[in-house]
Amino acid sequence: MNAVRKTRSLMLSCAAVIALAAAGALPAGEAEAATLRYATIGEPPSLDIQMGTATLATTIGQNMFETLYAFDEAGAPQPMLAEGETISEDGKTIVITLRTGVPFHNGAEMTAEDVAASLNRWIEFGARGQTLNASSVEATGDNEVTITLAEVNGAWKSLLAFPNGGPAIYPADIVTAAGGEPIKPENYVGTGPYKFVEWRPNRHVELEKFEDYAARSEPSDGSAGAKEATIDTLQFIPVGDVSTRVSGVQAGDYDYAEYISGDLYGILKDDPSIAPHISSAPIFGLMFLNSKEGILAGNWKLRQAILAGLNMTEALQISVGDAELFAAEGSIFPEGNVWYSDAGTENYNQNDPEKAKSLAAEAGYNGEPIKLLVSTNYQQHFDQANVFKQQLAKAGINVELNVTDWATLLKERGEPGSWDMFMTHHGPSPDPVLLTFMNASYPGWWTTDERNADLAKLVGTSDLGERQAAWATTQELVYEQIPAVKVGDVFSFDIASPQLQTTWERAPAFPYFWGATK
Amino acid sequence: MLGFIVKRTGAALATLVAASVLIFMFIHLIPGEPAAVMLGDAATPEQVAALRTRLGLDEPLIIQYFYWAGNALQGDLGRSIFFDEPVTTVIADGAETSILLASITMIWVVLIGVPVGVIAAMRRGSWLDQGLSGLAMLLASIPTFWVGLYLILVFAAQLGWLPSSGYPSIFDEGGLANLRYLILPSLALATPNAALILRLTRASMLDVSKEDYVRTARAKGISPRQVTVRHILRNALLVVVSAFGFTFAALISEAVVTETVFALPGIGRTVVQSILRRDYPVIQGVILVIVCLYLVLNLLVDISYRFLDPRVELE
């Protein structure tokens with residue numbers, strides 16, 4: 001009997017502890033009001049934004065690190081840590097004047113040596129550094145760095161402004177010590193309005209306001225201009241399940257939650273406990289075609305047959321859902337963007353199985369299987385692949401799905417003999433040279449003479465008009481040779497607490513919260 | 001007793017070595033590699049290859065295994081490729097959540113499963129018994145994630161009584177009050193397990209109640225309450241306690257769905273995320289620790305038989 005009593009007593013004690021814990025719920029105090037809790041889709045990789053292109057790392061890292069230039073609301077690069085620049089007549093030597101009195105989070109003032117060291121590391125090891133095609137970067141004065149390009153690169157300023165895999169400026173000693181390794185969290189030192197506090201794996205990344213932040217004097221404009229950290233603390237919390245992110249905002253546990261499923265938009269847009277923010281920067285689905293090996297390599301007619309047979313509107317309706325969240329847009333860049341062009345887009349969204357059948361016959365196609373590699377990690381990819389398989393079957397094109405997880409897909413797509421097409425997506429890009437299908441070493445390996453000639457024109461000048469014309473020609477070629485099929489623009493949507501007031505209405509590609517209040 | 005423990009520990013160590021080989025080989029057989037996942041979609045094959053070399057992933061598999069096993073014997077499970085932290089730190093961080101979640105869940109399981117099982121057994125055949133048994137069957141059949149999402153919807157989103165997700169450590173600001181974050185997940189996780197323990201308790205009680213010594217006890221005029229508690233329940237618990245051991249170990253490793261739904265920084269979610277990222281050292285480390293946990297709990301359950309029933313032969 002004693003044993004039973006003891007057990008009962010133990011159970012009651014445990015229950016009491018739980019009850020006390022429940023009763024001890026912390027009231028929402030002032031400290032909480034000064035913290036913005038951002039529910040992320042997952043755990044970010046390293047926040048050393050020079051080294052990787054993960055969107056989440058940029059979303060978090062942009063609060064700590066700054067670049068020499070930053071994009072304004074219209075997508076044009078404006079000076080951030082730079083003050084201005086002069087460019088030599090041949091376009092290959094760029095002298096950048098730096099702002100003075102800009103402190104790092106460790107208290108040291110930013111110098112030309114810091115900038116040169118950061119740029120040199122990015123060029124050597126950074127995710128996008130080689131795109132600049134620079135032969136040297138040197139500190140040529142106390143507040144001046146000189147970049148010498150191997151070839152004229154009309155995209156240089158955009159490349160220096162793009163934070164995703166971009167040239168964040170760190171103190172020289174930190175980048176020198178890190179070399180090609182990602183910078184460790186204890187060395188996350190930048191010039192941004194927030195500084196690093198802690199990273200607790202699977203719990204949160206916490207940043208706090210940098211009191212000595214040196215803001216620019218121009219008004220805030222996109223990521224450019226003045227930034228004021230109006231919220232004291234930012235917490236980025238990994239919440240993998242989308243339903244939990246939604247419930248968390250409804251319950252007031254999170255102030256902001258990213259990447260909500262499109263099929264929930266219809267339900268949530270009228271929910272008074274949340275405020276939806278549709279993205280201003282569409283992500284677009286891409287189906288890459290193998291230009292190196294297999295049945296599609298060099299077979300333009302068969303590629304055109306595939307494109308002719310696809311109905312993008314149907315694929316987008318099924319994979320995305322609400323019509324407010326997608327646009328069957330053939331231009332690689334969205335309308336309103338400086339790179340928008342309708343060149344070649346008459347071949348987009350044709351939905352013409354008969355034409356596809358005829359082109360396939362011209363191409364000598366006899367029903368051989370075309371292997372489409374797709375992962376289940378991204379539901380939209382999987383849905384679109386299934387829709388395409390059905391649509392192409394109507395045109396007599398035999399698509400075989402190879403369904404894997406994302407990590408396997410990343411490995412398999414690097415083996416030219418194992419696939420003919422694969423599904424992925426592309427985030428917003430500030431310049432055509434950063435598009436993955438324009439990169440000859442990216443799986444797909446599109447590197448025809450025509451593409452090379454167009455690319456040379458695109459990077460051979462800094463004149464925007466000439467570059468826009470060169471891009472229009474390139475886009476036309478994309479619709480002829482089809483290195484990748486654009487599925488359509490997808491506008492992800494995030495949700496926020498109605499109390500959170502941001503400086504933007506539609507969510508930027510990398511949501512930021514300077515100037516926000518709650 | 002000592003001989004039994006030594007013998008069982010030896011067998012457990014042999015199992016551990018075999019498990020470590022299987023864990024290592026199976027994980028490395030999965031296609032995909034961490035370097036590509038870490039660098040992101042825009043990485044070129046050259047960048048992926050360079051990172052692969054830096055991480056030591058281009059060494060022959062057998063060398064990687066001996067290197068890993070040798071370090072594991074010294075308590076070093078390696079460094080997480082993704083977090084760049086010692087695996088022991090990653091596991092320790094997740095262990096607090098998982099152990100507390102499993103413990104609180106076990107409290108619910110015991111508080112609900114055992115007493116209700118006893119009541120059902122005592123009222124065998126009545127509408128109450130049939131109702132409770134039917135309810136148990138229903139609860140055991142409902143997926144945990146569904147229960148979890150509804151608990152969040154009702155108690156967090158609508159009533160606002162409890163947090164919807166996450167878990168700050170009890171060593172952080174808030175202290176023990178942070179346990180409130182584990183109430184909803186533990187209830188979700190307890191639902192099917194309490195139902196199973198309820199059915200097990202009921203069945204075991206009914207079996208024991210047919211024993212001769214129970215009839216003797218009743219014939220001696222001992223009160224029905226005393227017969228139930230002292231003679232039936234105590235002996236019926238032998239089976240139930242055995243199930244507790246495995247349920248606890250299973251809760252640690254099977255809480256993946258609950259930890260994902262409630263965004264808890266536990267071991268289950270860590271291992272699933274690590275598989276998706278191909279973070280081999282973390283996967284290997286966590287599975288090795290779980291195997292150890294099973295082996296130790298198995299041993300403890302065997303030993304506990306001896307205390308609950310002196311007739312049990314340990315040899």
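Two strands count as paired if DSSP finds at least two bridges between them. The model is predicted. On that criterion, strands E9 (residues 204-209) and E10 of chain A pair in the antiparallel sense, with four bridges.

**Strand E10 of chain A**
- E10(A) spans residues 233-238 and is mostly covered, five of its six residues being buried.
- Strand E1 (residues 35-40) of chain A runs parallel to E10(A), and six bridges join the two.
- A:Tyr38 stands opposite A:Phe236 of E10(A).

**Helix H14 of chain A**
- H14(A) covers residues 449-459, and its buried residues are A:Asp454, A:Leu458 and A:Val459.
- Viewed down the axis of H14(A), these buried residues fall within an arc of 125°, so they line one face of the helix.
- The face turned away from the buried side of H14(A) carries the exposed residues A:Asp449, A:Asn452 and A:Ala456.
- Helix H15 (464-481) of chain A is included in what covers the buried residues of H14(A).

**Nonpolar cores**
- The largest nonpolar core has 207 residues, of which A:Met287, A:Ala305, A:Phe422 and B:Leu184 touch the most other members.
- Beyond its neighbours within four places in sequence, B:Leu184 is in contact with B:Leu151, B:Ile152, B:Phe155, B:Ala156, B:Leu162 and B:Phe262.
- Another core, of 20 residues, lies apart from the largest one; among its members are B:Phe24, B:Trp68, B:Val271 and B:Val286.

Notes: Residues are numbered from 1 along each chain as its sequence is written. Chains are lettered from A and ligands numbered from 1 in the order in which they are written. This is a predicted model: local features need pLDDT of at least 70, side-chain atom pairs count only at pLDDT 80 or more; totals for chains, interfaces and linings use all residues. A nonpolar core is a set of buried Ala, Val, Leu, Ile, Met, Phe, Trp, Tyr and Cys residues joined through C-beta atoms within 7 Å. A residue is buried if 20 or more other C-beta atoms lie within 10 Å of its own, exposed if 12 or fewer, and partly exposed in between; C-beta atoms are placed from the backbone. Two residues are in contact if their C-beta atoms, placed from the backbone, lie within 7 Å. The arc is that of the directions from the helix axis to the C-beta atoms.
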